[in-house]
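Trainee: I've never looked at this structure before. Could you walk me through a few spots, one question at a time?

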Amino acid sequence: MTTNENRDQFRPEAHPNDHFLLTTVVGSYPKPKWLNRAKELYEDPDHEFDAEDWAEAKDDACRLITDEHERAGLDVVVDGEMRRNEMVEFFAHRIEGYEFNGPVKVWGHNYFDKPSVVDDVAYDESWLVDEYEFTADAAERPVKVPITGPYTLANWSFNEAYEDDEALAYDLADLVNEEIEKLVDAGARYIQIDEPALATTPDDHAIVGECLERIADSIEEDVRIGLHVCYGDYSRIYPEILDYPVDEFDLELANGDYEQLDVFTADEFTKDLALGVVDAHTAEVEPVEEIKENVRKGLEVVPPERLVISPDCGVKLLPREVAFGKMRNMVQAVREVEAELDAGEIAVPATSQRSAADD
Amino acid sequence: MTDLVATTPGLFPLPDWAKSELSDRKGHQKGDLISGDEGPELQDAYDRARTEVVDVQTDAGLDRVVEGQLRWDDMLAHPLAVHDNVETRGIVRYYDNNNFYREPVVQDDLTFDGDVAAELDAAAERVDDGLQAVLPGPYSLADLATDEHYGDETEFLHAVADFLAGEADAFPDVETLFLLEPSLVESAPDEGLDSEVPEAVTTVADAVDADVVVHPYWGALDEKVYAHLLDADVNAVGFDFVSDHDANLYNLQEYGATDDIALGLLDGQNTLVEEPEAINERVDWVFDNLPVAEFDTTYVTTNTETFYLPYSKFEAKVEAAADAVALAETEVQA
């Protein structure tokens, strides 16, 4: 069986099957209700619940969700982003050059604190090293670190200081590179860059590519770098994205019922595929059989040694028990598919296509 | 000498207290958005918010004061989203922005509603003169909606125009009507439909005894679309000089303009607040580049709606527009 060292460094020693399809999550996970309550208390100036209590509450939530991921059986875990509020805001608070002027509308009465870049961005305090070290210490399994990508950090901010968003994105990419170097020094082996903004502005794929070149610069080969791109018209960025210096693409395909799968089989998928197999936007837990079918869709694109399985997207908006149910069923489905692969019961279209092409 | 008029295209952000109060009262889900028949508590909250944004405009010294369109949860799709014969479905993207609205699906005749007129009546109580109405232009509203009733693109466009004319006819006295037409840029009408647009716009414009400005934004109109639009019976066409000054200037140079003009010179989607001097330099730049620039009235405005901004920055933009025009007038006198 062909191996994939970069991915297989995360294979558990006690893995039950010969085949291994790495299971993980995209990142965010529903916060326990008590954590939101603790935040309210912390923000209430009249309450004695102080910064130390709030820090302890976040630590507890990180331990809890990391453990919940392990109980679901995931091979690589995340802390569910318990310390983060929102994917741009969290980082903007830690980067020099940003300021906040108040909430802006997304839709209806859903708002976010969209920051403004008012000066050249600069690296100040570390963004995620403490978070990583804490989670790695709490976890038995390897830990993945999701980071909002520079293109999204630029695109989802007001740009007051730079000539255009492209120039801002490149400066931010250099900061992301600096942060990843620190994370790697701290022991991180699996980094995921989140670029949801690329789905809405696919014409900018070359800018994201240049950002990733800067991010990957001087990062050791064996550190796994993934790129998560949310639902969008993937035909507008594929196959161009195959040139990006990343090991893995994490794609949202269950939400669209795999209608876009053809996009990825038209040109050979030369990277690892992290395939979304459960929908992050429906509150029903998909049955194991249904998820298995979705996993097999991935084998139409890549052979087993290059397949990673995850939910479509971050699951933070789902009820927590639904999120857990999806993770657990997802892992069970994957282990069953692995066993069927071991037994030779499943054809792997991606492999046979490639052999035919090689002939 | 052109008469400079400081104004906005409306659709303001809610004051921060109203964001929290209304989200607590209404909720965060699709079904919680404005329906057009909200109860007294919600009405009261919106009344207080409206009063605040009207005061922001009058205190700043804007020449035209809008109602603010704070109830327009679905942005420009609002007049249809609250209509009885329209069903609202999934959340869809609002142009190229990171904003979403409920897709309005027209199921039956677009009869008179009166929702926008009621808002203007409320605003009129606080505005002595210079009240400005804001409506989506017929093409943009038809473009944002889905038709499951009229069955024909042209017929639907004119039905939407007739509906908007009915709404406009019920308005209290207004000085100006802005018809926002971003779809004319973002998804320009195909051949055939483009020649129907001026008639549809005229239908709405003729319903009010006021100056009418058709304001496209997010770039420049395709020249053919622009040439057609000049056939509409309106006082002014607007130009988004923030997004694309070259193409807009080209249209003006090649095809001329209406008697009045609206210049989108402040960025409605960026927190960087323009200096009044810089705004006036941009006005001069436009006029200096036109062979003939004898407009009766020149509206100075943000290029887009301002609900994209934090509330404090919206206030600053309103002040900047008003200050720019005040400064220009002082310089003329001196």
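**Finding our way around**

Trainee: Is B:Tyr95 buried, exposed or partly exposed?
Mentor: B:Tyr95 has 19 other C-beta atoms within 10 Å. With C-beta atoms placed from the backbone, buried takes 20 or more others within 10 Å, exposed 12 or fewer, and partly exposed is in between. On that count, B:Tyr95 is partly exposed.

Trainee: What pLDDT do local features need in this model?
Mentor: Before that, the labels: residues are numbered from 1 along each chain as its sequence is written, while chains are lettered from A and ligands numbered from 1 in the order in which they are written. The model is predicted; totals for chains, interfaces and linings use all residues, side-chain atom pairs count only at pLDDT 80 or more, and local features need a pLDDT of at least 70.

Trainee: Back to B:Tyr95: what is its phi near?
Mentor: B:Tyr95 sits in the loop between E3 and E4 of chain B. Those labels are DSSP runs numbered from the N terminus: helices (H or I) have at least four residues and strands (E) at least two. Phi is positive here even though the residue is not glycine, and its value is near 50°.

Trainee: And B:Gln69, is that one buried or exposed?
Mentor: B:Gln69 also has a positive phi, about 50°, without being a glycine. You'll find B:Gln69 in the loop between strand E2 (65–66) and helix H3 (78–81) of chain B. It has 22 other C-beta atoms within 10 Å, so B:Gln69 is buried.

Trainee: Which residue is the bridge partner of A:His228 in E10(A)?
Mentor: Chain A has an open sheet of seven strands in parallel pairing, ordered E1-E12-E11-E10-E9-E8-E6. Within it, E9(A) pairs with strand E10 (residues 248–251) over four bridges, in the parallel sense. A:His228 has as its partner in E10(A) the residue A:Asp250.

Trainee: How many of the five residues of strand E9 (residues 236–240) of chain B are buried?
Mentor: Look at both faces: B:Ala236, B:Gly238 and B:Asp240 are buried on one side, B:Val237 and B:Phe239 on the other. That makes E9(B) mostly covered, and the count of buried residues is five.

**Helices**

Trainee: How far apart are the end C-alpha atoms of helix H9 (residues 205–216) of chain A?
Mentor: The expected span is 1.5 Å times one less than the number of residues. For the twelve residues of H9(A), that gives 16 Å. The model agrees, because the end C-alpha atoms are apart by 16 Å.

Trainee: In H9(A), where do the buried residues sit around the axis?
Mentor: The buried ones are A:His205, A:Ile207, A:Val208, A:Cys211, A:Leu212, A:Ile215 and A:Ala216.

Trainee: At what angle do helix H3 (residues 51–72) and helix H12 (residues 320–342) of chain A cross?
Mentor: Axes are lines fitted to C-alpha atoms, for helices over the stretch in contact, and angles run from 0 to 180 degrees between N-to-C directions. These two axes come within 8 Å and cross at roughly 35°.

Trainee: Which residues of H3(A) make that contact?
Mentor: Contact means C-beta atoms, placed from the backbone, within 7 Å. H12(A) brings A:Phe324, A:Met327, A:Arg328 and A:Val331. From H3(A) come A:Glu68, A:His69 and A:Ala72.

**Two last spots**

Trainee: Which residues outside its sequence neighbourhood does A:Tyr162 contact?
Mentor: A:Tyr162 lies in the loop between E7 and H7 of chain A. It is partly exposed, with 19 other C-beta atoms within 10 Å. Setting aside neighbours within four places in sequence, its contacts are A:Val117, A:Ala167 and A:Leu168.

Definitions and conventions
Contact = placed C-beta atoms within 7 Å. Pairing = 2+ DSSP bridges.
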